[in-house]
Amino acid sequence: MGALSTAPFRQEFPFLEWKRGLTVQRWKHLAAAVLLAVLTVFASFRCNVDVASFFTGIGKGAALLQMFFPPEWSGVGGMMQPLAVTAVMALIATILGMCLSLPCALAASSNLAPPLLRLTMRSFIALERGLPEIVQMLLLIAIFGLGAIPGLVALSFSSIGMLAKLLADGIEEIEPQMLEAVEGTGATRSQVIRYAVIPQILPSLLANGLFRFEVNVRAGVILGAVGAGGIGYVMSSSMNAMEYPRACMATLLTLALVFASERISDFFRARIFSAGALR
Amino acid sequence: MTTLEVPPGALPSRKLRLMISFLLGMAAVLCLLFAFLGMGPASFFVDFRFIADLAEQMLPPNMGLLWSKSIFFSLIDTLSMAFLGTIVGGALALFLAFFAAINTAPHRLVRLFTRTLLVANRSVPHLIVILVLLVAVGIGPFAGVLTLIFGSVGMYGKFFADAIEQSDKGTLESVESVGSTRLQTIRFAVLPQVMPSFAANLFYAFDYNLRAAIPLGVFGGGGIGFQLAFANGLLHYKDVLAYTIAIVVMINGMERISDWVRRSIITQPMVTK
């Protein structure tokens with residue numbers, strides 16, 4: 001009875017319906033805002049957010065930054081080697097990550113791999129993604145000792161984690177008809193992968209790999225500070241030794257490296273997307 | 001009936017030869033890079049004793065620690081750091097984005113200035129910021145929060161500005177044509193268009209900041225990273241493994257949760273505003 005009698009009413013006054021929708025929406029927005037505010041206050045309390053110390057900090061920070069200048073230009077020659085170490089570490093980790101993520105992704109996708117293998121591979125990838133580089137680094141130092149090797153291994157592992165997840169998701173989205181069409185010609189499993197899967201995921205592998213290079217350079221700077229060497233180590237050790245002009249020079253070089261890696265990766269990514277189908 | 005004859009030099013096809021030479025070139029470059037770092041294959045094969053020793057010192061992980069109050073609170077601290085970094089950084093990024101987008105900026109010069117600031121901000125690695133902030137505001141989660149805010153502004157300001165520039169021009173013009181001020185145009189024509197994408201991206205920012213909060217903790221920014229570095233410094237590997245397990249569970253769990261919330265926000269029918 002009720003539903004029947006309101007039906008024509010709704011048709012005559014769609015405005016009322018709209019208004020009711022708006023009211024519900026407003027309540028939802030209000031609830032979300034209140035929730036966010038409560039969470040923010042709680043989080044600020046946990047993190048000892050202190051506006052007063054922020055404002056005194058501006059003065060202290062400015063005084064510190066003043067000591068940074070002028071940068072120690074004479075140190076550039078000696079910093080080129082650590083800078084190159086960071087860049088090369090990121091480059092090797094990216095290449096290794098791209099090469100190794102392909103088999104991992106194939107093993108982790110539901111349309112190619114048997115369920116047990118897929119589950120194992122997926123949990124391995126989840127583990128890799130959940131372990132920040134720095135945690136891996138701290139454990140790897142215990143095995144390999146200080147130096148570029150633990151940094152390299154940590155960066156490669158997390159590159160594999162990120163790229164394999166993206167690739168595996170991409171492979172699972174391939175339409176089954178395509179795989180069947182190639183299988184229908186009598187292709188073996190490896191031929192299906194070669195002719196139906198790889199051409200589809202190669203652009204995404206290259207584009208994400210280039211993005212990962214950028215991430216690896218940034219992460220490599222941080223890993224350097226905890227013992228992988230490179231420019232990050234120069235920066236943190238000269239900060240700890242209070243040689244601020246030297247730290248400033250290292251900072252400028254790091255900025256140049258990060259900026260250059262961003263440009264390079266943007267440039268090649270634009271090329272990949274403009275080239276369209278990539279063979 | 002003719003037999004199909006292959007010309008003598010053609011069989012490894014041009015494409016195959018190209019691919020093989022590309023792969024060989026790649027391998028050569030890789031070897032050169034390894035040589036630059038002074039590594040050979042031998043340097044990766046460490047004495048198995050080290051691994052066995054580490055495993056022995058780690059296992060079993062200190063499971064009692066997982067249920068203790070201290071680990072719970074340091075996880076909450078790390079989550080709070082990421083949350084504040086995302087919320088405040090996102091709000092600042094949104095604010096700056098209106099000055100950096102061509103269709104909402106008050107003047108071209110303002111746009112140029114803001115854009116340059118955002119691009120410069122994007123290139124500064126977290127390590128530099130945290131090292132300066134540790135001196136400025138002292139050791140603790142607050143320095144970590146400020147670092148994350150700084151990073152989020154750089155990362156998302158440019159992104160948001162691009163989103164605003166790509167918003168539909170017709171809507172803007174129609175709102176302007178009824179005589180709205182610039183603020184009203186932003187409120188009624190720009191915000192409703194870009195808000196869903198902002199909200200969705202803030203969840204990605206939260207995931208990213210959660211991962212970034214852990215190295216910041218190691219350098220003195222507080223939270224679980226600080227506890228981990230502390231235990232590692234004392235060579236308490238059983239504790240280290242417990243913290244590691246907690247970190248993996250937290251990051252994967254939060255990723256699931258934010259994926260779910262993001263999807264429910266995006267698919268929710270947008271009632272007219």
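Let's start with A:G145, which sits just after helix 6 of chain A and takes a positive phi of about 80°. Keep in mind that this is a predicted model, so every value I mention today is computed.

Now step back into the helix itself. Helix 6 of chain A covers residues 133–144, twelve residues in total. From first C-alpha to last, this helix reaches 15 Å, close to the 16 Å expected at 1.5 Å a residue. Is helix 6 of chain A mostly covered or mostly open? Mostly covered: nine of its twelve residues are buried. Among them are A:E133 and A:Q136, along with A:I134, A:V135 and A:M137. Further along you can find A:L138, A:L140, A:I141 and A:F144, which are buried too.

Next, let's look at a pair of helices. Two packed helices are described by the angle between their axes and the distance between those axes. At what angle do helix 4 and helix 9 of chain A pack? The angle is about 145°, and the axes are 7 Å apart. If you'd like to find the contact on screen, look in helix 4 for residues including A:T86, A:A90, A:G97 and A:L106. On the helix 9 side, the residues include A:I193, A:G209, A:R212 and A:A228. By class, this contact has 14 nonpolar residues, seven polar and one charged.

Zooming out, chain A is divided into domain 1, residues 2–49, and domain 2, residues 73–275. The C-alpha centres of these two domains lie 43 Å apart.

Chain A also touches chain B. How many residues does each chain bring to the contact? Chain B gives 47 and chain A gives 54. On the chain B side, several helices supply at least two residues each, including helix 1 (14–36), helix 4 (69–100) and helix 9 (182–221). Which helix of chain B has the largest share? That is helix 6 of chain B, with eight residues. Sorted by class, the side of chain B that touches chain A has 36 nonpolar, nine polar and two charged residues.

One last stop, in helix 9 of chain B, where you'll find B:P196. B:P196 counts as partly exposed because 13 other C-beta atoms lie within 10 Å, and a residue is called exposed at 12 or fewer and buried at 20 or more. B:P196 and B:I265 are 69 residues apart in sequence, yet their C-alpha atoms are 7.8 Å apart in space.

Conventions
Residues are numbered from 1 along each chain as its sequence is written. Chains are lettered from A and ligands numbered from 1 in the order in which they are written. This is a predicted model: local features need pLDDT of at least 70, side-chain atom pairs count only at pLDDT 80 or more; totals for chains, interfaces and linings use all residues. Domain bounds come from an automatic or database domain assignment. Two residues are in contact if their C-beta atoms, placed from the backbone, lie within 7 Å. Helices (H or I, at least four residues) and strands (E, at least two) are DSSP runs, numbered from the N terminus. Ala, Val, Leu, Ile, Met, Phe, Trp, Tyr, Cys and Pro count as nonpolar, Asp, Glu, Lys and Arg as charged, and the others, Gly among them, as polar. The expected span of a helix is 1.5 Å times one less than its number of residues. Axes are lines fitted to C-alpha atoms, for helices over the stretch in contact, and angles run from 0 to 180 degrees between N-to-C directions.
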